[in-house]
Amino acid sequence: MKIKAIRFAKLKVPLVTPFKTALREVSFIEDLVVLIETDCGQLGYGSAAATPVITGDTHQGMISVINQFIAPKLIDMEIANLNQVCHIIQSTVVGNNSAKAALELAVYDLWGKLYQAPLYKLLGGGSKALRTDITISVDGIDKMLADCELAVQQGFDILKVKIGNDLQQDIARINAIYQSFGQQTQIRLDVNQGWSAKQTVFALQQLESKNVQLELVEQPVKSDDFKGLKYITERVNTPIMADESAFSPQQVIQLLEHNAVDIINIKVMKTGGLSRAIEIANITAQYQAQCMIGCMLEGSIAVAGAAHLASAKAQQITKIDLDGPALGQYDPVQGGVEFKGPEITLGDAPGLGITDINGLQHITNGIWPL
Ligand code: MG
């Protein structure tokens, strides 16, 4: 099975409710879909969302970097040489992690199709049933409580609450949510770099003294503030997780070597695909640290890849935050992984299991070879 061409398409799905974090507000899942054509007629699917404020990637940028630099090196390569193909994707350009992720996902999809096995089985095997949390966007307290109530009604028992735009209001939000939902749900906080190290310690010590038990607090400080993370981790009992601070295997080693965090949030859009996500899961095992698998606001093609990885690496990946597809009004992807409320179900079709995608808008000037 040889790579013959790489095509691009857009896929847009409206969200049920607009998604708000300390960094941005969006109302659509808008993916760039990468399609890899092979000499035997098999098609590999990968995708990535544009996240300029997180990874710096845009759709146009991804198309350019793939077309100009990576695609020419991949043409005629054998999918069977998976490690070599991934090495080329990772090493041809620096950065551009979302473009690399979309490509790698399509390559792994084809790898599964080559050996006629679902990806999670090729990666080591695991459970077909996973359970995700749901994101509660940052908003006024009443709106956040209403969103939590709706999530609980939909069957979610883990809430990932976005905060981080005002310290005192954030503490009030967490208190209110914990009082109403702390008994029936686990609560994770995602501060999205919104606090300083001292503010975080202040907030968490206050919350801990009131017996507010949070499962974890994600990325309280700026992404490059490793010292701040360590300062916090040394002073609070609540587990601290790195998200925007942990893109590469090297960063993960640095964080864990210095005991700066307790948990690593793996996202294929940060690692540049599955090969380095697997590396990170293996590294955390050496430090007896746990991982969460997360996603950007992206559709079910890329998130399917993350779900297969989570299943196969369940020893390390003990927390699942793959609610991206469930936030859309519908899932245009046929076959593949099923996202239904908190339940994620993997299929046994080869690769990612995708059979068709409704509403793909092909980008005609984005074909390689040009
Ligand atoms: Mg996060």
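**Salt bridges, metal site and domains**

Modeller: A network of salt bridges links Lys-160, Lys-162, Asp-190, Glu-218 and Asp-321. Please bear in mind throughout that this is a predicted model.

Colleague: Which residues are the protein donors of the magnesium ion?

Modeller: Two members of the salt-bridge network, Asp-190 and Glu-218, must be named here. They donate through OD and OE atoms respectively, and the protein donors lie 2.1 to 2.3 Å from the ion. With the remaining donor included, the protein donors are Asp-190, Glu-218 and Asp-243.

Colleague: What spacing do the donors of the magnesium ion follow along the chain, and how many residues apart are Asp-190 and Asp-243?

Modeller: The donors follow the spacing D-x27-E-x24-D. Asp-190 belongs to strand β7, residues 186-190, while Asp-243 sits in the loop between β9 (240-242) and α9 (249-257).

Colleague: Are Asp-190 and Asp-243 buried or exposed?

Modeller: A residue counts as buried when its relative accessible area is under 20%. Asp-190 has a relative accessible area of 1%, and Asp-243 has one of 2%. Because both values fall under that cut-off, Asp-190 and Asp-243 are buried.

Colleague: How many salt bridges does the rule count, and which residue forms one with Lys-319?

Modeller: The count comes to 19 salt bridges. In the bridge that involves Lys-319, the closest N and O atoms are 2.9 Å apart.

Colleague: With which arginine do the side chains of Glu-215 meet in a salt bridge?

Modeller: The N to O distance in this bridge is 2.5 Å. Glu-215, in the loop between α7 (197-209) and β8 (216-218), is 27 residues away from its partner in strand β7.

Colleague: Why are Asp-109 and Lys-113 separated by about one helical turn?

Modeller: These residues form a salt bridge in which the closest N and O atoms are 3.1 Å apart. Asp-109 is buried at 0% relative accessibility, and Lys-113 is buried at 9%. The separation is about one helical turn because, in helix α3, the two are 4 residues apart.

Colleague: Which backbone nitrogen does the side chain of His-59 reach?

Modeller: His-59 is placed in helix α1 and is buried, with a relative accessible area of 8%. Among the residues it touches are Lys-10, Glu-30 and Asp-31. At a distance of 3.4 Å, its side chain reaches the backbone nitrogen of Leu-32.

Colleague: Into which domains is the protein chain divided, and how much area do they bury between them?

Modeller: The chain is divided into domain 1 (3-117 + 357-368) and domain 2 (121-355). Their C-alpha centres lie 23 Å apart, and the contact takes 44 residues from domain 1 and 46 residues from domain 2. Of the buried area, 67% is on carbon and sulfur atoms, and the total is about 3800 Å².

Colleague: How many salt bridges and how many residue pairs in polar contact does the rule find across the interface of domain 1 and domain 2?

Modeller: For salt bridges across this interface, the rule finds 0. For polar contact, the number of residue pairs found is 12.

Colleague: Which element gives the largest share of the side of domain 1 that touches domain 2?

Modeller: The elements that give two or more residues to this side are β1 (3-20), β2 (25-38), β3 (43-49), α2 (82-91) and α3 (97-114). The largest share is 11 residues, and it comes from α3.

Colleague: Is Asn-259, which has a positive phi although it is not a glycine, buried or exposed?

Modeller: Its phi is about 50°, and its place is in the loop between α9 and β10 (263-266). With a relative accessible area of 54%, Asn-259 is exposed.

Methods. Residues are numbered from 1 along each chain as its sequence is written. This is a predicted model: local features need pLDDT of at least 70, side-chain atom pairs count only at pLDDT 80 or more; totals for chains, interfaces and linings use all residues. Side-chain values use heavy atoms; hydrogens and water are left out. Donors are N, O and S atoms within 2.8 Å of the metal (3.2 Å for Na, K and Ca); water is not among the atoms, so sites may look incomplete. Buried means under 20% relative accessible area, exposed over 50%, partly exposed in between (1.4 Å probe, protein chains only). Domain bounds come from an automatic or database domain assignment. Contact means heavy atoms within 4.5 Å. Buried area is the accessible area (1.4 Å probe) that two parts lose on being put together, summed over both. A salt bridge is a side-chain nitrogen of Lys or Arg within 4 Å of a carboxyl oxygen of Asp or Glu. A polar contact is a pair of N or O atoms within 3.5 Å; within protein, one must be able to donate a hydrogen and the other to accept it, and residues adjacent in sequence count only if both atoms are side-chain atoms. Lists of a residue's contacts leave out its neighbours within four places in sequence.
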